[in-house]
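Hello,

Here is the structure I promised to hand over. Please open it first, then read my notes on the ligand site and the backbone below.

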Amino acid sequence: MSSPAASQRLAVLVSGGGSNLRALLDAIEQRPGFGGEVVVVGSDRVEAGGLGHARAAGIPTVTRTLGADEDRATWEQGLADALAAHEPDVIVLAGFMRILSKAFLERWPDRVVNTHPSLLPAFRGANAVREALAHGVKVTGCTVHLVDEQVDHGPILAQVAVAVYTGETEDALHERIKAVEHRLLPACVEALCQGRVRLDGRVATISPPPEAAPSL
Ligand code: GRF
């Protein structure tokens, strides 16, 4: 993946409260060399809290709900076209609870990134925190990865482990995982924006930022 010269245009998709979007916006604001800006926020739910974060920041939003009798491919193309109108370079899935097809992913090859609340490949899917608790694991965590055609499967950019406490509720554990996602997702998006992600098959390597490189 080549080093981008200009600031990367980011589209962020949300379905829920949008705390990861908020964390990304904060990171971009706080880190002058981030190399990216959020140009549009999209959602499949009109009531998604993340849309409020976007509006508060003056970022355009697009909402495309999927009706019960609506064709999925048509819905997805409508969403992709609405995003494409803002010419994004990178698509960030920040709690977006829909699966995207090959047709969508081919428009932004290796440029769709997702955050997931487990240590993949364990506990893929929409109930990762609940399933980790039910399985009795003592360590779970979060994974930021590039999106491919399989659910929660593409090349892993970074992972952080989170210990599971005895008797902890799903909500409490998910909140602690989200606190970690709030650092990890912006860091990975920043690396993508700065052209520091190299792919070798499904193995991704992130090189350190220039200021972290040892001086000669
Ligand atoms: C995150 O834990 C994300 O990994 C999962 O949904 C949650 C979204 O949280 N897919 P928020 O909407 O960013 O607060």
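**Ligand contacts**

Asparagine 20 places a backbone N or O atom 2.8 Å from an oxygen atom of the ligand. I count this as a polar contact, a pair of N or O atoms within 3.5 Å (within protein, one must be able to donate a hydrogen and the other to accept it, and residues adjacent in sequence count only if both atoms are side-chain atoms). Threonine 115 has a polar backbone atom 3.1 Å from an oxygen atom of the ligand. For lysine 178, a polar side-chain atom lies 3.1 Å from an oxygen atom of the ligand. On its own, the ligand has 370 Å² of accessible area, and the protein covers 90% of that. Areas come from the Shrake-Rupley method with a 1.4 Å probe; for residues, only the protein chains shown count as cover.

This is a predicted model: local features need pLDDT of at least 70, side-chain atom pairs count only at pLDDT 80 or more, and totals for chains, interfaces and linings use all residues. Residues are numbered from 1 along each chain as its sequence is written, and side-chain values use heavy atoms, with hydrogens and water left out.

**The shell**

The ligand is surrounded by 13 residues, each with a heavy atom within 4 Å of it. Gly18, Ser19, Asn20, His174 and Glu181 are the closest. By class, the shell has two nonpolar, nine polar and two charged residues. Here Ala, Val, Leu, Ile, Met, Phe, Trp, Tyr, Cys and Pro are nonpolar, Asp, Glu, Lys and Arg are charged, and the others, Gly among them, are polar. α1 (19-30), β5 (112-116) and α6 (170-193) each supply at least two shell residues. Helices (H or I, at least four residues) and strands (E, at least two) are DSSP runs, numbered from the N terminus. The largest share, three residues, comes from α6.

**Backbone points to check**

Most residues other than glycine have a negative phi, and most peptide bonds are trans. Two places here are worth a look.

- The peptide bond from leucine 120 to proline 121 is cis, with omega near 15°. Proline 121 is in the loop between β5 and α5.
- Glutamate 87 is not a glycine, yet has a positive phi of about 50°. The loop between α3 (72-84) and β4 (90-93) holds glutamate 87.

Best wishes
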